[in-house]
Amino acid sequence: MKKNIKLNLIGLRCPEPIMIIRKTLRTINIDDNILIISDDPTTKRDIPNFCYFMEHTLLKYEIKNKLYTYLLKKGL
């Protein structure tokens with residue numbers, strides 16, 4: 001069964017968000033989704049690059065009121 005996980009990373013600064021995302025991705029199955037909420041502006045660069053290099057899919061992202069929201073799918 002497909003899982004949807006939510007990670008609240010508000011208050012964490014680089015490199016912590018990427019480290020937590022990577023650790024979480026190791027524990028879920030291919031095609032599971034992770035919704036990430038962060039207030040760290042470096043995630044605008046870090047999360048898309050992480051997805052590209054680690055071969056995960058960035059399904060959606062949104063920036064609203066200094067909150068950065070990303071939806072990732074494990075795998076391509």
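Tyr52 and Phe53 are both exposed (over 50% relative accessible area; buried is under 20%, partly exposed in between; 1.4 Å probe, protein chains only). The model is predicted: local features need pLDDT of at least 70, side-chain atom pairs count only at pLDDT 80 or more, and totals for chains, interfaces and linings use all residues. Residues are numbered from 1 along each chain as its sequence is written, and side-chain values use heavy atoms, with hydrogens and water left out.

The structure contains 1 aromatic pair (ring centres of Phe, Tyr or Trp, the last by its six-membered ring, within 6.5 Å; planes under 30 degrees apart are stacked, over 60 edge-to-face, the rest tilted). The ring centres of Tyr52 and Phe53 lie 5.0 Å apart with planes at 80°, so the pair is edge-to-face.

Helix H2 covers residues 43-54 (helices are DSSP runs of H or I, at least four residues; strands are E, at least two; both numbered from the N terminus). Its 12 residues should span 16 Å at 1.5 Å a residue (1.5 Å times one less than the number of residues). The end C-alpha atoms are 15 Å apart, which agrees.

Thr43, Asp46, Ile47, Phe50 and Cys51 are the buried residues of H2. They cover an arc of only 125° around the axis, which puts them on the same side of H2 (directions run from the helix axis to the C-beta atoms). Arg45, Tyr52 and Phe53 are exposed on the other side. The buried residues pack against helix H1 (16-26) and strands E2 (33-38), E3 (57-64) and E4 (67-73) (contact: heavy atoms within 4.5 Å). Just after H2, Glu55 adopts a positive phi of about 60°.
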